[in-house]
Amino acid sequence: MLLLRRVCFLLPSPSPRAPLAKPLPLLLRPPRTLPSAARALASMAAPAAPAGGTAAMSRDAFRAAVTNTLERRLFFVPSFKIYGGVAGLYDYGPPGCAVKANVLAFWRQHFVLEEGMLEVDCPCVTPEVVLKASGHVDKFTDLMVKDEKTGNCYRADHLLKDFCKDKLEKDQTLSPEQAEEYNKILAILDDLSAEQLGAKIKEYGIVAPDTKNPLSDPYPFNLMFQTSIGPSGLSPGYMRPETAQGIFVNFKDLYYYNGNKLPFAAAQIGQAFRNEISPRQGLLRVREFTLAEIEHFVDPEDKSHPKFGDVSDLEFLMFPREDQMAGRSATRLKLGNAVSEGTVNNETLGYFIGRVYLFLTQLGIDKDRLRFRQHLPNEMAHYAADCWDAEIECSYGWIECVGIADRSAYDLRAHSDKSGEKLEAHEKFAEPREVEKLVITPSKKELGLAFKGNQRMVLEALEAMGETEALDMKATLESKGEVEFKVCTLGKDVTIKKSMVSINIEKKKEHQRKFTPSVIEPSFGIGRIIYCLFEHCFYQRPGKAEDEQLNVFGFPPLVAPIKCTVFPLVKLEKFEVVAKKISKALTAAGISHIIDMTGNTIGKRYARTDELGVPLAITVDNTTSVTVRDRDSKDQIRVEVDEVASVVKEVMDGQSTWADIMWRYPTHTASAAEDEAEP
Ligand code: AMP
């Protein structure tokens, strides 16, 4: 459980949450682009959707097949492997880097370019004062327990969660009451305090999983990596746990750069560092990861969005908090209705939810395994107006991959207070406006005489009064001459006399309105999105040998690490010359490709590139025309050598689909040897 990330002050707990709706069954389906025959074969891997009675593959077996392929083909590998590796640190290899670069390029196109966002690139090393102001130094913690003998550390909520899940899944003797209790704990896990977690761990006799030794009481562990800036050791700093703060502290300059106009958005892609207590789930929970964040600054009095109409007709799985609390499942809602009925707080937040949906589905995330879940009241920071997580279902369950939050004016205010720099926007009026303003003027002298050392606390509390409270005080002072007043920072009531404060409504002419903008923040965990994409695109199909399964990543062209391969059918110089000519044309067209001159059987070469998710393969079997094969359907067409690069480009750029191309060119019938082979 992450306590108060970015200072999420928890409100006093209302009634305990009803159990969360059961997660949807995991559907390990092939990509939607596959022809029906391939889909039927690939759905053999789907535990919840077995095809024609075929034995289903378990989640664990499916995950093992995916990660095995990913690591073997160097999409990613544990970092520092020759030294035994370090939990929560991974390297992306060549195809992984290419997929990541494609995802980030599309992110820039879909968000930065489309909205004219201001991109920045700030340092990872951050001075303490910045993260003190944002609340990270004090509150960016998870609750940890230690093995009392070995000192091994565990996340307290993970241990309790594993215990409850294990009981629910494996304990045949569980009574309905016990099952209800474990389900309830799973639902309220994020709300449990250190004391409550500790009490449950004791009550259930939970011990260290590796050694069975007793555990310490839970205590908060700050997730930031601490460092010091410069050799003196006097300037503490941290590796940033998110990129957002770099944007907030630059607000004034960015606002000026934007012509002092709102709304505008700034964006940043960069590394974030979190010293996770016990990282698990591969790329999903790591200690260093790429975040892509947007901070959209908007007038708090006008959160409409001019382009909301572009996304308002989208319909997808949404999981409002009422449905979660009532134990219902996510349902398909029309985004326009969700905003107009108030389920989503405002149009700008709704606009970004819609844009995130389009981004993820265009990347290749299965829309039926993507939902937008609203934060429950206790999950949300007290200052936040509304928060939704884009959750993607994979073999680990529903995973938060993008957080989309209306954080109101909290962050800019926090940095204004700490730095003394006013991070504000202003709206100039065409004509000066006469406004009535509440003016509270405490008398320092009177307060000093009455409250001595506490004078400042009383004065600040008086100045911070809202309009209603101030007017009530004025009325009481006028009728009774004194009033009891609660000063939170003193933790008690004090008596305020008429001479200590004057409260008036004054008429003033104003030429502009000054305000702290609200911020709407979509925050993308790029590694999580990529891992879910890997799972959603992966499928297997039978190979030539009995029981053999060939692995395929059915990436859409947009994310495929390599767009095309070029093979001479047999090792002949005249074919190699043609292959090199095609390679040159592909390079000139900007198409990433590989030439394979190894002389392996063509079937083997196809199988190897299918595993890398290469959408098209060109086989040179002639000096004037060549064959082009589609990865998923395995259909082949014959194309003139001089035309082939532009045909590949057409499909890769999305101007034509493979089906369109099939109409235009003669099909080529593959030989059995070409069709199937071991990798
Ligand atoms: P947060 O600031 O905690 O809301 O995180 C923003 C996004 O970062 C989340 O939606 C995740 O996609 C991603 N994320 C958070 N923690 C991790 C982690 N330890 N490893 C990988 N991705 C993470």
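Q: When does a residue count as buried, and what percentage of the 679 residues in the protein is buried?
A: Buried means under 20% relative accessible area, exposed means over 50%, and partly exposed lies in between. The model is predicted. By that cut-off, the buried share of the 679 residues in the protein is 51%.

Q: How many helices and strands does the protein have, and what box do its C-alpha atoms fill?
A: The protein has 23 helices and 30 strands. Taken along the principal axes, its C-alpha atoms fill a box of roughly 105 × 70 × 55 Å.

Q: Which residues of α17 are buried, and within what arc do they fall?
A: The buried residues of α17 are Ala470, Met473 and Leu477. Because they fall within a limited arc when seen down the axis, they line one face of the helix. The face turned away from that buried side carries the exposed residues Thr468, Glu478, Ser479 and Lys480.

Q: What covers the buried residues of α17?
A: The cover includes one helix segment, α16 (455–463), together with strands of the chain. Those strands include β18 (425–442), β19 (482–487), β20 (492–497) and β21 (501–515).

Q: Which residues of α16 are buried, and what do they pack against?
A: Val458, Leu459 and Leu462 are the buried residues of α16. Seen down the axis of α16, they fall within an arc of 100 degrees, so they line one face of the helix. They pack against β18, α15 (444–451), α17, β19, β20 and β21.

Q: Is Arg63 buried or exposed, and which residues is it in contact with?
A: Arg63 lies in helix α2 (residues 59–72). Its relative accessible area is 19%, so it counts as buried. Leaving aside neighbours within four places in sequence, its contacts are Ser395, Tyr396, Tyr531 and Glu535.

Q: Which parts of the chain does the salt bridge of Lys307 and Glu115 tie together?
A: The side chains of Lys307 and Glu115 meet in a salt bridge, 3.3 Å from N to O. Lys307 lies in the loop between β12 (288–298) and β13 (315–319) and Glu115 in helix α3 (residues 94–115), so the pair ties together parts that are 192 residues apart in sequence.

Q: Are Arg541 and Asp610 buried or exposed?
A: Arg541 forms a salt bridge with Asp610, with the closest N and O atoms 2.9 Å apart. The pair links strand β23 (residues 538–542), which holds Arg541, to helix α20 (residues 602–612), which holds Asp610. The relative accessible area is 6% for Arg541, and the relative accessibility of Asp610 is 4%. Under the 20% cut-off, Arg541 is buried and Asp610 is buried.

Q: Which residues form a nonpolar patch on the surface, and is Tyr83 buried or exposed?
A: Phe80, Ile82, Tyr83 and Val86 form the patch, with about 540 Å² of accessible area together. Tyr83 lies in the loop between β2 (76–78) and β3 (90–92). Its relative accessible area is 73%, so Tyr83 is exposed.

Definitions and conventions. Residues numbered from 1 in each chain as written. Predicted model: local features only at pLDDT ≥ 70, side-chain atom pairs only at ≥ 80, totals over all residues. Heavy atoms only, no water. Patch = residues over 30% accessible without salt bridge, like charges linked within 9 Å, V, L, I, M, F, W, Y side chains within 5 Å. Areas by Shrake-Rupley, 256 points an atom, 1.4 Å probe, with all protein chains shown as cover. Salt bridge = Lys/Arg side-chain N within 4 Å of Asp/Glu carboxyl O. Helix = DSSP H or I, 4+ residues; strand = E, 2+ residues; numbered from the N terminus. Buried < 20%, exposed > 50% of the residue type's maximum accessible area, 1.4 Å probe, protein only. Arc of directions from axis to C-beta. Contact = heavy atoms within 4.5 Å.
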